[in-house]
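Please keep the sequence and the model at hand while reading.

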Amino acid sequence: MSGEKPFGVVLRGLRRQASLTMEELAETSGVSARAIGNIERGRSRVPQRRTVVALAEGLGLADAEREALLAAARVGRQTGAAAVAGASVPPRSVGDFTGRDRELARLREAADRSRTGVGVSVSVVSGPPGCGKTTLALKAAADLAGEFPDGRFVVDLHGVEGAVDPGEALLKLLKALGVPDRRLAQEDAQGRAGLLRALLGERRCLVVLDNARDEGQVRALLPPGGRSLVLVTSRRPLTGLENVDRLALSEMAQAEAVELLSRILGKERAEAETEAVARVAELCGRLPLALRVAGNWLTVRSGWSVEHLVRRLTDEERRLGALAAGDVRVEAAFELSYRQLTPPAARMLRLLSLVPGPDMTAAYGAALTGTDVFEAEDVMEDLAEAGLLQASFTGRYQLHDLLRLFARTRLSREEEPGEREAAEDRLRAWLLDTAAVAGHWVDGAPPLSWQDPVPLESPEQARAWLESEAPAWFAALRSAAARGEHTRVVETAAAMEWFVGLWAFWGHWPEVFRLSSEAAAALDDPHLQAVHLNHYSWTLADCGQRYREALERADEALECARRAQNASQQAWALNYAALAHYYLGESQEGFDKVRAAVDLFEAAGDHEAWLQAMTFYRVFPRALGRAEEALPLHERIIAFLDAPDCPVRGHIADRCRAKTISGLGRDYAALGRWREAADHFRSGLLQMQRIGVPDVEGSLLLDLGQALIELGETDEARSCLRRLLALGDTADNNDLEAARELLDSLPRE
């Protein structure tokens with residue numbers, strides 16, 4: 001029945017089929033007539049499951065029609081999410097934006113100036129909590145969409161509590177701008193900041209840095225100039241930033257506050273009680289956040305008069321009179337809404353303040369309350385309809401920072417310490433158990449059974465969960481470490497071994513394995529210590545570029561592995577020490593250690609590890625200027641892989657073969673044997689294209705191009721170098737620059 005029809009059209013058809021007016025459906029369903037009208041006209045987002053179920057019950061639908069209505073809602077939400085993703089702006093409504101004409105004009109002027117690439121490209125919007133800073137910035141972003149063809153991006157910095165690390169915010173922006181993982185992993189913090197400045201200087205983007213804590217949190221994210229515009233919102237004016245525009249925001253003018261309330265309530269209802277509407281605006285301190293919370297209660301409770309709301313707000317203001325005036329009014333609006341909640345909804349609001357990440361799904365609510373996910377979703381939808389929880393099209397929810405603080409205050413007052421601790425334990429256990437299962441899924445080890453509400457039915461879903469929920473499960477890992485839950489910390493970190501390579505740029509891997517190494521030491525298990533110190537060394541080198549520290553951890557891992565009498569872990573410690581030496585340019589030290597690692601892996605019969613160590617070992621002779629010594633090493637690897645009974649298969653075997661063939665080409669090139677080098681580069685290139693490693697593909701195209709130039713085959717060389725340039729950001733930046741220089745050096749066609 002739903003087909004391609006919008007949800008509102010389906011709802012209207014079913015309502016008319018039942019011969020019900022909007023008011024009659026409102027009475028039977030409990031959903032306000034105004035909300036129904038907005039849904040049918042497409043003026044509001046598709047409601048969540050709770051509201052759709054209420055409408056279905058109010059319509060008295062049979063099972064088939066009920067399912068059709070629910071299906072139309074699901075399709076509508078998916079469509080909305082796609083549109084939001086395409087616009088690069090979060091799903092927060094600015095449809096009833098009111099006033100702020102002067103401030104919007106200021107931001108339009110900033111956009112006009114940025115078009116020329118001359119002058120200030122950063123505007124700071126500051127003001128007290130709840131005054132509408134974020135809404136103003138998002139309204140400007142929506143209005144100026146056509147001015148910024150290269151995209152609009154929003155990063156919530158969560159400056160009030162749980163502030164986002166500047167490096168993490170930098171990575172989010174670079175990813176949004178299309179920078180590939182390989183490039184991000186190659187750059188340190190300074191290099192990433194420079195890359196962001198360059199991109200924002202070259203492109204015409206609008207970036208909103210929302211809810212900044214202080215100058216240090218945003219300084220690395222600001223371009224010195226260029227054609228992009230950055231809007232920063234903060235409670236503070238950030239006076240330490242130089243060469244920025246500043247726009248101070250305060251409460252709304254009385255006329256604007258009344259207009260906003262009128263738009264929330266509907267013109268007819270507002271005009272019937274003009275004095276009461278004006279009084280509500282005053283009692284809410286003319287702050288948009290408080291106005292919305294108060295107004296939402298009037299729309300949900302259509303039987304309330306506005307005057308009734310005035311009496312309730314006045315009551316709350318007297319009760320909270322000890323607080324500062326502005327906070328009294330905001331708190332009064334929150335308190336009024338809170339006291340009207342059902343006990344399950346009030347408890348849910350209190351417990352959601354414990355979520356360590358910036359936002360959440362219904363699964364978080366289920367874990368906190370010990371209920372199933374559908375029951376939790378229903379309660380969270382009640383909170384969203386009350387204006388106490390922000391809901392998005394993508395099924396995620398967010399607490400405004402003021403409401404989070406309000407809920408946490410109520411939690412400390414109303415929840416028994418034991419109940420709060422039990423809820424925290426449930427949430428932490430759920431996050432870390434799910435993270436461990438997802439990590440093993442990424443490694444290709446599906447769970448034998450999985451009853452959790454989070455769908456983990458493929459490695460791709462598992463990876464998506466780990467990335468989207470990283471702030472929460474990482475915070476849970478820290479909490480578990482602080483509480484001495486050593487076994488849980490070790491097991492969670494161990495599950496991440498393969499995921500690290502897929503998300504190396506995340507930035508927190510060294511801390512993950514530092515925590516697990518300390519947990520293994522607390523368990524007094526030298527084998528576990530060796531395993532996690534080895535992981536720690538690897539991530540320090542590959543993810544953190546902290547090579548001396550990586551060497552120290554590898555030495556500690558070697559000592560633990562010797563105490564545990566574990567030859568494989570001794571070999572890994574030597575291998576990771578060699579990796580650090582390689583990055584430091586200490587080739588002889590690396591050569592000696594990786595050779596010892598190869599011998600240990602071979603003696604232990606660890607074929608897969610031996611193959612990986614051999615593939616690393618064969619790069620050192622060339623680095624030492626003895627490329628001819630590498631040739632038999634390559635031949636030994638290929639012979640091992642070609643053996644009919646080779647014990648290593650799959651991706652590791654394919655990648656090691658491709659690396660070996662390519663490395664053989666580089667050794668022939670170092671020996672000046674250019675024809676053999678070119679042949680091996682072609683073969684290695686085909687292997688890499690087959691298994692899909694575009695960054696290595698770019699390096700091989702450069703190698704092949706150089707070999708062909710040496711052979712005088714300039715036409716094919718030019719073609720290779722152009723293919724490399726066509727890879728764009730998926731190729732290494734140094735390779736791209738070298739290809740441009742080689743192309744410029746070739747004779748004109």
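This is a predicted model: local features need pLDDT of at least 70, side-chain atom pairs count only at pLDDT 80 or more; totals for chains, interfaces and linings use all residues.

The phi angle of D524 is near 55°, which is a positive value in a residue other than glycine. With a relative accessible area of 60%, D524 is exposed, since the cut-off for that class is over 50%.

A positive phi is also found at N211, where the angle is about 65° although the residue is not a glycine. N211 belongs to strand 3, which covers residues 206–212, and its relative accessibility of 14% places N211 in the buried class, because buried means under 20%.

## Helix 8 and helix 10

Helix 8 (residues 166–176) packs against helix 10 (residues 189–202) at an angle of about 45°, and their axes are 10 Å apart. Helix 8 is therefore oblique to helix 10, and the crossing in which helix 8 passes helix 10 is left-handed.

On the side of helix 8 the contact involves L170, L171, L173 and L174, which meet A189, R192, A193, L195, L196 and L199 of helix 10. Sorted by class, the residues of this contact between helix 8 and helix 10 comprise nine nonpolar, no polar and one charged.

## Helix 32 and helix 34

Helix 32 (residues 607–617) and helix 34 (residues 630–642) have axes that come within 10 Å and cross at roughly 150°. This angle makes helix 32 roughly antiparallel to helix 34, and here too helix 32 passes helix 34 in a left-handed crossing.

Helix 32 contributes H607, W610, L611, M614, T615 and Y617 to the contact, while helix 34 contributes L633, R636, I637, F640 and L641. The contact of helix 32 with helix 34 has eight nonpolar, two polar and one charged residues.

## The chain as a whole

The protein chain contains 39 helices and seven strands, and of its 749 residues 52% are buried. When contacts between residues at least 6 apart in sequence are considered, 67% of them join residues at least 24 apart.

Definitions and conventions. Residues are numbered from 1 along each chain as its sequence is written. Side-chain values use heavy atoms; hydrogens and water are left out. Axes are lines fitted to C-alpha atoms, for helices over the stretch in contact, and angles run from 0 to 180 degrees between N-to-C directions. Helices (H or I, at least four residues) and strands (E, at least two) are DSSP runs, numbered from the N terminus. Angles under 35 degrees count as roughly parallel, over 145 as roughly antiparallel, 65 to 115 as roughly perpendicular and the rest as oblique. A crossing is left-handed if the near helix is turned anticlockwise from the far one by less than a right angle, and right-handed if clockwise. Contact means heavy atoms within 4.5 Å. Ala, Val, Leu, Ile, Met, Phe, Trp, Tyr, Cys and Pro count as nonpolar, Asp, Glu, Lys and Arg as charged, and the others, Gly among them, as polar. Buried means under 20% relative accessible area, exposed over 50%, partly exposed in between (1.4 Å probe, protein chains only).
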